[in-house]
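I opened the notebook to go through this structure piece by piece. These are my entries on what I looked up.

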Amino acid sequence: MPTDQITSPDDPLLLAEGWSRAGRKVALATVIETWGSAPRPVGAHLVIDSEGNFEGSVSGGCVEGAVVAEAADVIDSGTPTILEFGVADETAWRVGLSCGGRIRVYVEPVEAAPHR
Amino acid sequence: MDLHLLSQLNEAREGRRAAILVTDLGSGAQRLVRRGEAPADDPLATELARRFRSGKSGLIETAEGQRLFLTVSVPPPRLVIIGAVHISQALVPMATMAGFDVTVIDPRTAFATEERFPGTALCADWPEDVLASRPLDAYTALAALTHDPKIDDFPLQAALAADCFYVGALGSRKTHGKRAERLAEVGVTAADLARIDAPIGADIGAASPAEIAVAVLANVIAALRKEPEARS
């Protein structure tokens, strides 16, 4: 269902904006591709701040920890990155998806553009 | 993501306006396209139009080999039912189950009762008054089910004007013929009249009120999900 406009208080995009305006350093993670049985659909978001606080989800809880860790680097560097998770990965030991699916996650910093 | 762009996206979402955030995964460059505001020569025009209909986010590759991610944000679909009638009593739970945000409008207080529609967003007022404060939009379907021109005609006109993704009206071919004449007299175009699903619902031989509700919901879903040219 295209029901991604439900603007509940824990909506990741609203939080990303709110946190950022409050002066927190924020990254936004988005599921951009899935294969097999992935727990969260393409377009699902997770918002992370530099303190490691997060809301939303990109999986059923399997890989959020790794995304949060990567988000710290993205916030520091200001450069987006793409992460991939799946059972076939080396990382599966630590943060694989038990459902057997694979997902690719885009992680980008949220920042007031300096060039504006 | 530029905070300014994120604000614009959230503003669209909160205002029930469809928008697509286009992200170039190679460069990180982003732009926001609101529905109806994409320039005709936008290289992604066809893709964007398709995504606005389907509501699905996804990755695409352009002819130039750019990998783009489209974050598609469309409002949850609404169904506005005119008439707190027997068919509506079946249609409300079915449509709710299918994920629609359902509202029933009927100025006849004998029909629009909490007892007949428990837990339903029910407005016992004239559609003119209700729709003034809660306007229709392209992500809303409208089914007029009262048979009564005094109640049905105004919301049908409003739904066509608001480009509702589905507009249906209960009544036989004869009833609809008269309705079409009335609407044409007040300036509704032939193209708009042709958009009205009448006699209402998918042709499944529906007889009972619940069966008619199934037929109506089927056509609402078809209008939401299928490409216009693929609709029968």
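**Entry: the hairpin in chain B**

I started with the hairpin that β1(B) and β2(B) form, with five residues between the two strands. In the turn I checked B:G28, and its phi is positive, about 85°. I note here that the model is a predicted one.

I then looked up the pairing. β1(B) covers residues 19-24, and β2(B) covers residues 30-34. The two run antiparallel and are joined by five bridges. Across the pair, I found B:T23 opposite B:Q30.

Which other strand does β1(B) pair with? I found β4(B), residues 67-73. That pairing is antiparallel too, over six bridges. B:A19 has B:S73 in β4(B) as its bridge partner.

Is β1(B) largely enclosed or open? I checked burial along the strand. Five of its six residues are buried, so β1(B) is largely enclosed by the rest of the structure.

**Entry: the parallel sheet in chain B**

Next I traced an open sheet of six strands in chain B. I wrote down the order as β7-β6-β5-β8-β9-β10, with parallel pairing. The edge strands are β7(B) (121-123) and β10(B) (196-197), and each pairs on one side only.

I took one pair from this sheet for a check. β6(B), residues 101-105, runs parallel to β7(B), and three bridges join them. B:T103 stands opposite B:A121 in β7(B).

A reminder to myself: strands of a sheet pair through backbone hydrogen bonds, either parallel or antiparallel.

B:P199 sits in the loop between β10(B) and α8(B) (209-225).

B:R16 has phi near 55°. Its place is in the loop between α1(B) (3-14) and β1(B). Is B:R16 buried or partly exposed? I read 17 C-beta neighbours inside 10 Å, so B:R16 counts as partly exposed. The cut-off for buried is 20 or more.

B:H147 is another such residue, with phi near 75°. I placed B:H147 in the loop between β8(B) (140-144) and α5(B) (149-161). B:H147 has 15 other C-beta atoms within 10 Å, so it is partly exposed.

**Entry: chain B overall**

I stepped back to the whole chain. Chain B has eight helices and ten strands. Its C-alpha atoms fill a box of roughly 60 × 35 × 35 Å along the principal axes. Of its 232 residues, 41% count as buried.

I looked up the contacts in chain B with a separation of 6 or more. Of these, 57% come from residues 24 or more positions apart.

**Entry: chain A**

I turned to chain A. Chain A has three helices and five strands. Along the sequence I read the pattern α-β-β-β-α-β-α-β. Of the 116 residues of chain A, 43% count as buried.

I checked contact range here as well. Among contacts in chain A between residues at least 6 apart in sequence, 53% join residues at least 24 apart.

**Entry: the nonpolar core**

Last, I looked for the largest nonpolar core. I found 93 residues in it. Those with the most contacts inside the core are A:A27, A:A29, A:V105, B:L142 and B:A143. Which element gives the most to this core? I have α8(B) down for that, with eight residues. The core also draws at least three residues from each of domain 1 (3-73) and domain 2 (78-230) of chain B.

I followed one of these residues further. Leaving out residues up to four places away in sequence, B:A143 touches B:L79, B:I81, B:I82, B:G168, B:I200 and B:V216.

Definitions and conventions
Residues numbered from 1 in each chain as written. Chains lettered and ligands numbered in written order. Predicted model: local features only at pLDDT ≥ 70, side-chain atom pairs only at ≥ 80, totals over all residues. Buried ≥ 20, exposed ≤ 12 C-beta atoms within 10 Å, placed from the backbone. Helix = DSSP H or I, 4+ residues; strand = E, 2+ residues; numbered from the N terminus. Pairing = 2+ DSSP bridges. Contact = placed C-beta atoms within 7 Å. Core = buried A, V, L, I, M, F, W, Y, C linked by C-beta atoms within 7 Å. Domains from an automatic or database assignment.
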